[in-house]
Amino acid sequence: MIKTQKEKTKSRRERRKLRFAYLLLIPWLVFFLVFKLFPFVFGIGASFTDYSLKGAKFIGLKNYAGIFTDDKFWISLRANIFYLIIIVPCTILFSLWVAKILQNRGNAFNAVTKSVFYMPALVCSVVIATIWRFLFSSTAGIVPWIINSAGLRSPSFFDEPLFSIPLMSIMVIVGSVGQPIILYVAAMGNIPMEYIEAAAVDGATQGQIFRKITLPLLKPTTVYILITSMIAVLQIFAYPYLLTSGGPYHATSSILLQLYQSAFISGKFGYASALGTILFVITSVFVALQLKFVNRGGEDG
């Protein structure tokens with residue numbers, strides 16, 4: 001079939017648009033290749049070497065064997081799991097609770113409250129850690145001073161994992177709960193009122209409406225918050241590094257903190273690359289299991 005002149009002109013215009021779109025993608029593609037894909041592949045390759053500033057020597061799986069026989073790795077992994085168990089459920093439950101409260105409030109109150117909760121996310125983690133240390137330091141902290149003034153013995157908050165892990169978990173929650181609240185508020189605002197009104201007409205209580213209608217419709221938002229929170233917690237670094245340096249005896253450490261110490265304190269870059277690869281695998285497994293569990297729950301429902 002012979003194309004008309006109008007069709008040829010339209011085809012040329014579409015090809016120009018497509019070339020222009022690819023041209024706009026080039027900066028992002030270069031950034032991805034140079035700063036994302038290349039370091040990722042290079043890190044995996046370096047994990048099989050004894051890598052240092054002097055050069056690299058291929059050693060096979062020795063770095064991985066050393067990691068899996070290193071008590072520090074298992075202690076750090078256990079601390080990571082503790083952070084995960086505390087932070088992720090508390091973040092979801094607290095943000096869901098706040099979003100539910102804001103659902104029927106006025107726009108002004110809603111905006112102010114979301115701003116207050118989101119504000120810590122704009123503050124540098126170093127500042128938050130400094131404030132926390134000012135409050136809970138065993139030598140000059142306000143909270144230990146109040147406890148001691150009351151005639152009680154104040155614990156050493158940052159020297160005892162029983163207190164330091166929950167405290168740092170609260171810091172992470174305070175600094176990151178703003179975005180989940182905003183996401184839940186927006187998701188609740190998109191729920192059609194017809195569903196809620198129909199349920200109310202049928203005699204459903206507010207609790208039943210929330211469990212049977214609101215929560216199922218919030219599932220995509222919850223899955224997104226769950227996965228992003230899980231990834232962020234598995235990569236926790238700043239607060240253990242600034243407040244405890246992973247101590248005592250690595251009990252408050254994390255895999256990412258151990259990676260940093262291996263690379264920039266011990267100079268074992270190949271070992272650190274192996275830790276990074278293991279962290280990537282652990283994160284991928286957690287996310288895959290979570291998605292599988294969520295999808296299976298949706299099919300069963």
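Predicted model: local features only at pLDDT ≥ 70, side-chain atom pairs only at ≥ 80, totals over all residues.

Residues are numbered from 1 along each chain as its sequence is written, and side-chain values use heavy atoms, with hydrogens and water left out.

The protein has 14 helices and two strands, taken as DSSP runs of H or I with at least four residues and of E with at least two. Its radius of gyration, over C-alpha atoms, is 25 Å, well over the 19 Å that the globule rule gives for 301 residues, so the protein is more spread out than a compact globule. That rule is 2.2 Å times the number of residues to the power 0.38. The C-alpha trace spans about 85 × 65 × 40 Å along its principal axes.

Of the 301 residues, 36% count as buried, meaning under 20% relative accessible area with a 1.4 Å probe and protein chains only; exposed is over 50%, and partly exposed lies in between.

Now the rings. There are 20 aromatic pairs in the structure; Phe, Tyr and Trp rings (for Trp, the six-membered one) pair with centres within 6.5 Å, and planes under 30 degrees apart are stacked, over 60 edge-to-face, the rest tilted. Y260 and F264 have centres 5.4 Å apart and planes at 40°, so they are tilted. F264 is exposed at 60% relative accessibility. With F269, F264 forms an edge-to-face pair. Ring pairs link these residues into a cluster whose members include F38 and Y51.
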